[in-house]
Amino acid sequence: VSAGPADEEHYDVVVIGAGVNGALVAKQLTHAKLRVLVLEAGPGTAWTFDGYSGHLQHFFAASGKGPESAWPPALNAPQPDTADIRSGGGYFVQTGPQMYGSSYSRLLGGSTLHWLGVSLRMLPEDFELHTRYGVGVDWPLGYTDLEPYYRMAEMEIGVAADVADQVHLGVTFPAGYDYPMQRIPPSWSDQVLAAAVDGMQIRMADDLYTLKIRNYPAARNSIPRGDYQPVGAVDQPADGQALARDLGQRCAGNTACTPICPIQAKYNAAKTLAQADPTRLVVRTQAVASRIHVDPDSGLVSGIEYQRYDDPTSSRHTVHVASGRIYVLAAHAVENAKLLLTSGLEGASGQVGRNLMDHPCLYAWGLSKDPIGAFRGPLSTAGLDDLRGGGFRANHAAFRFDIGNDGWRAPTGAPDATVADAVSAQGRYGSKLRDHLTSVLSRQVRFSLAVEQLPAPGNRVSVDPRYTDALGNARPVLSYSIDDYTLAGMAAATEVYQAVFRQAGITDCTDPEAGTWFPSVTYQDREFHYHGMGHFAGTHVMGDSPERSVVDTDQRSWEHRNLFLLGSGSFPTMGTSNPTLTMAALTLRSAESLVRELAS
Amino acid sequence: VKHEHLEDMLQAAVELELATIPPYLCALYSMHPDANPAASLIVRSVVVEEMLHMILAANVLNAIGGQPRVTGPTHAPKYPHELPDGVVLDLLPFGPDAVQAFLQVENPQYRTSGSNSSHALSDRRPQVHQARAATVGSGPTTIGAFYDEIITELEKAAATDGDGLFCGDPARQVTKDYYYAGGGAPIMVTDLASARRALTEVIDQGEGNPASMYDVDGDLAHYYRFEQVAVDRTYLRRDTAGAPSGPSLGVDYTAVFPMVANPKSDEYRDPDLRNASRAANRMWSLVLRQVEIACNGQPAALLPAVHTMFRLRDRMLLLLANPMPDHPGRNAGPTFEWDLPDE
């Protein structure tokens with residue numbers, strides 16, 4: 001380790017993290033003529049087309065195709081890997097009792113590099129869980145406060161959907177509004193399932209729910225509405241020959257959204273960063289924020305100390321300090337909390353790092369009677385989300401089902417595993433093998449049952465001086481459990497998927513013992529094998545009082561008034577939508593407030 | 001009033017743009033997967049602009065009440081294909097010969113050092129097919145001059161007929177809803193001004209503006225893109241024409257499937273190759289049929305055509321990866337012959 005001279009540099013705003021929140025805030029602020037420094041812990045390889053192509057090659061060459069397989073970390077910006085959960089090693093230190101099942105990426109672009117792209121809004125009732133159902137907490141702002149920012153977010157990240165599909169469960173849109181692009185066409189599987197399932201009724205608590213297979217809003221390019229221009233591949237070459245930007249202006253149905261869209265038709269944060277005003281933006285990659293300096297008298301942040309490295313495989317680095325009028329942590333729910341805690345800023349509320357949530361998720365898989373065209377199209381184009389809201393939430397968690405277009409890939413390792421099973425276990429060969437595979441692979445159905453989790457103070461990120469990375473920075477220590485509210489939701493979700501399979505004539509083949517390994521949790525007399533959805537939330541919750549929360553509704557720290565904490569860490573609860581669209585909306589709202597303050 | 005001569009010229013323009021596409025596709029897909037990333041991006045960037053040019057020419061033809069045709073033995077291109085300025089388009093793998101030919105196509109002033117008519121190629125050109133543009137124009141002409149002639153004819157007809165010239169149904173125009181990712185958005189043609197804009201874009205992107213190496217979008221003109229491949233050196237912003245000074249593109253002519261020049265399905269005596277070739281030709285023909293439907297009142301037909309193009313690519317790759325038993329050292333390749341029954 002070499003500690004260089006601490007040089008000072010000054011900006012209007014210093015942003016930590018070049019993921020979706022950092023990129024959105026950088027774009028908004030630079031367009032308001034403010035000078036912004038973005039510090040990114042990992043490499044900026046996704047910023048160039050060649051670099052992105054390198055990640056694609058890495059994915060092709062990887063033997064396992066998990067969410068991280070295209071995005072190897074730098075030594076000095078280590079990241080969690082879902083493969084570590086079984087081995088117990090890796091970046092996270094997990095103290096249990098349950099394993100936290102999700103991962104994220106520390107690279108320019110962040111986890112949007114490997115997200116699925118689903119862009120659901122939260123339900124109005126998700127913001128009022130305590131008032132309506134007596135569980136969880138209420139948000140300090142409501143759906144109507146956030147609605148205009150949802151529209152802005154849908155424009156900024158480019159969401160394809162039809163409003164007509166999305167108006168239900170209390171979700172509203174202003175008259176005349178529609179998404180910037182038409183919906184991604186439903187897959188054949190979506191259509192076959194809809195024909196069988198739409199209209200079926202489920203009784204839950206005292207209510208009847210009518211099910212409908214519904215198209216998912218997706219941050220993937222599709223036919224534009226009005227003057228909207230779909231944003232294709234990021235190509236920022238120094239010589240000005242941006243030949244790759246024609247790629248990815250429409251989703252081409254590659255079944256690899258996670259871990260990497262091969263043509264960048266799916267949104268990633270580098271697209272937003274490329275739209276920032278380059279004359280006012282400095283993006284410094286391979287720069288790990290390591291400490292927040294705070295003036296002890298005023299409580300204001302006075303600088304961000306960071307470690308810069310040239311070689312992603314070496315821990316050689318130099319130490320610098322960046323300062324600004326305002327500081328924005330947009331490094332990820334876990335990294336934001338980690339940086340606060342290692343800087344000694346746990347705060348009087350005691351809430352920093354606590355209330356960590358995810359959507360623990362079960363796989364259900366089966367065989368349909370007729371071919372449904374598995375392994376074609378984006379990984380998921382529709383879901384069953386009628387049980388995201390309702391009176392039953394007083395008793396157990398809400399849930400939604402992703403309907404997969406990729407057969408049993410995720411739960412069993414199909415199609416390879418299907419071939420191995422047919423040859424080794426069933427002794428098939430020749431034309432009988434071919435006929436068998438043609439018949440079986442095209443009928444594979446997969447649901448992901450994503451279940452809501454409520455905030456619990458014991459589910460937390462902490463730091464421990466015994467656990468550090470190559471640069472001497474803390475590794476996150478995770479304590480995590482899944483409570484009965486969520487487990488009862490898993491049980492209810494299981495009954496619903498079984499009813500749906502019966503209704504659609506799908507033979508249930510769900511067998512976690514035979515499938516890919518996932519951690520498990522027991523509830524009453526049963527064992528649920530679950531995986532994470534990558535939906536980290538709740539580590540610096542938003543609230544209306546400094547005693548019980550870390551940030552206010554602008555995501556401004558109660559204790560450090562020139563510090564903003566952006567991202568799903570601010571969520572008091574997370575409902576059942578994936579968090580990206582909601583955090584993008586919150587970030588745009590924060591950016592508006594920042595511009596108002598700084599431009600005056 | 002029917003404008004038969006104008007319609008003939010615009011139909012010839014549609015065919016001209018279409019004819020440039022197969023040679024570029026041969027170069028693009030003959031590169032080994034993952035090899036020549038910079039060169040493949042350049043070829044790809046040009047071929048998608050040629051697709052745009054075909055759609056722009058079709059929009060102008062539709063605007064004056066014509067019916068663009070790209071199917072059948074009459075309209076689908078045949079190879080070797082001679083352009084009105086005498087340049088011959090061959091189906092070749094990526095290599096020095098192909099790059100020299102592309103330089104010629106994209107710059108009428110460029111004269112090759114002879115490799116375009118090299119001995120190796122001469123016995124693979126049993127019959128050269130003339131572009132329709134060579135017969136409907138006023139004589140031997142460059143592509144740019146051919147388009148200038150069309151614009152002049154349009155201006156004359158508009159002066160005589162006024163608004164009557166642009167009598168086509170606007171619903172037949174292919175708009176950005178269905179055409180995308182191809183070097184810019186298509187232009188809806190409804191009058192002389194938009195027709196001029198559409199055809200000027202074709203000239204500008206193709207031959208470039210003599211005053212600048214870069215087009216209006218700030219992209220290098222096609223000729224200069226290919227010149228980088230020819231000399232294996234990238235242009236930097238400060239560079240002057242003919243003297244690129246940037247880094248190497250890493251051009252590797254050995255990382256290429258050595259496709260035989262101008263193959264014909266009939267040459268494939270191996271039944272597997274012959275079947276693979278017919279399958280590729282059917283897919284190519286299906287693309288053309290879908291494009292023709294799209295340009296004749298049903299632009300949404302371009303959506304399934306994208307899927308067909310992926311299938312065509314897969315069938316091309318199958319041919320390109322297979323050696324030809326009776327041509328040692330050479331692989332098979334797509335023949336781009338019309339092969340669908342009339343409907």
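Trainee: Before we go on, where does the model come from, and how do the labels work?
Mentor: This is a predicted model, so to speak of local features we need pLDDT of at least 70, side-chain atom pairs count only at pLDDT 80 or more, and totals for chains, interfaces and linings use all residues. Residues are numbered from 1 along each chain as its sequence is written, chains are lettered from A and ligands numbered from 1 in the order in which they are written, and side-chain values use heavy atoms, with hydrogens and water left out.

Trainee: Back to S4(A). Which strand does it pair with?
Mentor: Strand S5 of chain A, residues 207–210, in the antiparallel sense over 4 bridges. Two strands pair if DSSP finds at least two bridges between them. Met204(A) stands opposite Asp207(A) in S5(A). The hairpin has 2 residues between the strands, and Ala205(A) takes a positive phi near 50° there.

Trainee: What holds paired strands together in general?
Mentor: Strands of a sheet pair through backbone hydrogen bonds, either parallel or antiparallel.

Trainee: And S10(A), how many of its residues are buried?
Mentor: 10 of its 12 residues, so that strand is mostly covered. S10(A) pairs with strand S9 of chain A (residues 301–308) in the antiparallel sense over 5 bridges, and Gln307(A) stands opposite Val319(A). S10(A) also pairs with strand S20 of chain A (residues 563–565), in the parallel sense over 3 bridges. In that pairing, the bridge partner of Tyr327(A) is Leu563(A).

Trainee: What about the open sheet in chain A, what's the strand order?
Mentor: The order is S6-S12-S13-S14-S11-S17, 6 strands with antiparallel pairing. Strands S6 (213–215) and S17 (507–508) stand at the edges with a single partner strand each, so one side of each is left without a neighbour in the sheet. Strand S11(A), residues 361–367, is joined to S17(A) by 2 bridges, and Leu367(A) stands opposite Thr507(A).

Trainee: Switching topic: how many salt bridges are there over all chains?
Mentor: The search finds 36. A salt bridge is a side-chain nitrogen of Lys or Arg within 4 Å of a carboxyl oxygen of Asp or Glu. One of them joins Arg325(A) and Asp12(A), with the closest N and O atoms 3.2 Å apart. That pair links distant parts of the chain, S10(A) and strand S1(A), 313 residues apart.

Trainee: Buried or exposed, those two?
Mentor: Arg325(A) is partly exposed at 39% relative accessibility, and Asp12(A) is buried at 16%.

Trainee: Staying in chain B, how covered is helix H4?
Mentor: Mostly: 9 of its 11 residues are buried, among them Phe102(B) and Leu103(B). The buried residues pack against several elements of chain B, including H1, helix H2 and helix H7. Contact means heavy atoms within 4.5 Å.

Trainee: Last one: how many residues does each chain bring to the contact between A and B?
Mentor: Chain A brings 17 residues and chain B brings 27. Between chain A and chain B the count is 0 salt bridges.

Technical notes. Buried < 20%, exposed > 50% of the residue type's maximum accessible area, 1.4 Å probe, protein only.
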